[in-house]
Amino acid sequence: NGWVSAYLSVSGVESEYGLPGPLSRAELADDRKQSTEFANFGEEEAIYSRAGIGLCFNDEFSFGLDAGYTSRDLYTVFYSYGGGAPAFPFEIEQDYEILSVSPTVTYQNDRLTALVGLDYYDDHVGAEFGADPVEYERQTLAAFSSLKYDAGEGLILTASLRCERARTDGSYTVVGAVNELDALTEDQYAWSLGVIKAFEQNGRLYGSVRRFYRYAATDEVTVVDFNSSTASFNPDLDTEWGHELELGGDWAFDSLVVGARIYHQWMNDEIIYSPSSFSNVNLDETSRFGTDLFVTYALTEKLNANVNYTYVSTEIVGGTFDGSEVPLVPEHKLRVAMEYRPSDPVRILLGASYTDTVYVGSDFDNASSELNNYVLVDLSFRYAFSEDVSVFVTVDNLFDKEYVSTAFGPDALYPGVGR
C-alpha cells in the first residue's frame, strides 16, 4: 500500500521597469501620461525553486518534506525623487535569499485527518543604499498541527494551531558609522476552529473563528530617506495580529449557484506605509466588518453570468485617529462578467469591475479628498488546443478609462493603467 512521489519546480524572472513617480493634481490635469521622474528605473533577476518528496508507509501514515530556495537581485537608480529634472543618482542594490524547509507527518482514516509539522525559514537581505551597506536577517521556526474530523451526517469539525519563534538581527551604515541592531526574539501563535455542515441538496453552511499574525516583511523594516540619502531600520515596527469570526454558506439550484459570507476582523498593530517618514508604521487597533456575495447562473448551455460583490466597513479604533476609516480600502467592489462558449475550445469573457471611493494612503485622519470611484471593462479570448495547451488574449481597461489607482497625499497621485 506504500507509494513515493517527488516534484521539482524552478522558475526565473529577468525584467527591467521604469519608476515614473507620482503626479500632482495640476500635472495630472495637464497630461496624465507624463512623468516628472522619467529617468528612474529598476532591474530584477530572480530564481524561484521548490522541491519535495512524499512517502506513504501504509493506508494511514504518510510523510512529506518540502524545501524552497529563492534568490532575488534588485538594482534601482533614482535620479530624482519628488519631481523635477534629474538631480542626483541614488543607487540601491538589494540581494534577497530565502531558504525554507518543512517536514510533515499525516495520519488519515475514514473519519479523521491529522497533520503535524515544522516550518523553518531563513530570510536574509544584503543591500547597499548609495554607498552604505545594510544587512538584515530573520530566522523562524514554527511547529504546527491541524485536525479534520467527519462527525457524520454531513458535519465536519476542524482545528489548527501554530506556534512560531522568530529571531532578527542586522546592521546598517550611515556616513561610515556602523550601527548594530540588538538581536530580537519574538514568539507568536495562531489557531483556528471551524465547523462545516453539508446538506444533501448540494448546499453547505460553515463558520470559523481564528487568531492570526504576520511578521513585518524584511523590506518593510527597511527605511530609505531620500532627503538625506541614507538607509536604516525601524526596529520598533511590531508584528500585526488579530482575530476573525466568519459565517457563510453556498447552495446550488440546478443552473444557479449562490453563496455569501459575513466576517468581523479585529487587528492590532496593522502595518501600513507612511510616505512622510519614508517608512512603514503600526496603526492602533483596526476593525473590519464585511460580506462577500457571489452568484453564478447558466443562462444557456453556452452562456454563463457571474456576479461578485464585496462590502467592507473599516475603522481605526483608539489612538490619535480613533473613528477614521483605514486608507485605500474601498467600501464597495462589484464584478459582473459574461462568459460565452461558442464551441468546446473557445471561451470569450466580457467583464466590468466597479471600485468605490477611498481615502488616499497615509490619510489616517480622513482629512484629504477621496479618490473617485471608477468602472473598468475587460475582454478576453481563450482557445484550448488540448487539455494541457491553450492560448489567450486579454484586453484590460477596454475603453481606456482615465482614473487614479492609488495616492499618498493630494499631490502624490498614481494614474491607473490604460488600455
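Let's start with a charged pair: Glu 339 and Arg 341 form a salt bridge, their closest N and O atoms being 3.4 Å apart. The term salt bridge here stands for a side-chain nitrogen of Lys or Arg within 4 Å of a carboxyl oxygen of Asp or Glu. Glu 339 is partly exposed at 23% relative accessible area, while Arg 341 is buried at 19%. Buried means under 20% relative accessible area, exposed over 50%, and partly exposed in between, using a 1.4 Å probe and protein chains only.

A note on the model: it is predicted, so local features need pLDDT of at least 70 and side-chain atom pairs count only at pLDDT 80 or more, while totals for chains, interfaces and linings use all residues. Residues are numbered from 1 along each chain as its sequence is written, and side-chain values use heavy atoms, with hydrogens and water left out.

## More salt bridges

The count of salt bridges comes to 13. One of them joins Glu 246 to Arg 261, with 3.0 Å between the closest N and O atoms. Glu 246 sits in strand 13 (residues 240-253) and Arg 261 in strand 14 (residues 256-268), so this pair ties together parts 15 residues apart in sequence. Strands (E, at least two residues) and helices (H or I, at least four) are DSSP runs, numbered from the N terminus. Glu 246 is buried, at 16% relative accessibility.

Arg 162 and Glu 164 also meet through their side chains, at 3.4 Å from N to O. Glu 164 is buried, with a relative accessible area of 9%.

## Around Asn 280

Asn 280 belongs to strand 16 (residues 279-282) and is buried, with 11% relative accessible area. A polar atom of its side chain lies 3.1 Å from the backbone oxygen of Glu 220.

Leaving aside residues up to four places away in sequence, Asn 280 touches Glu 220, Asn 234, Leu 237, Ile 271, Ile 272 and Tyr 273. Contact means heavy atoms within 4.5 Å.

## The whole chain

Now for the wider view. The chain has two helices and 26 strands, and its C-alpha trace spans about 70 × 50 × 50 Å along the principal axes. Of its 419 residues, 33% are buried. Among contacts with a separation of 6 or more, 57% are between residues 24 or more positions apart.

Methods. Polar contact = N/O pair within 3.5 Å; in protein donor to acceptor, adjacent residues only side chain to side chain.
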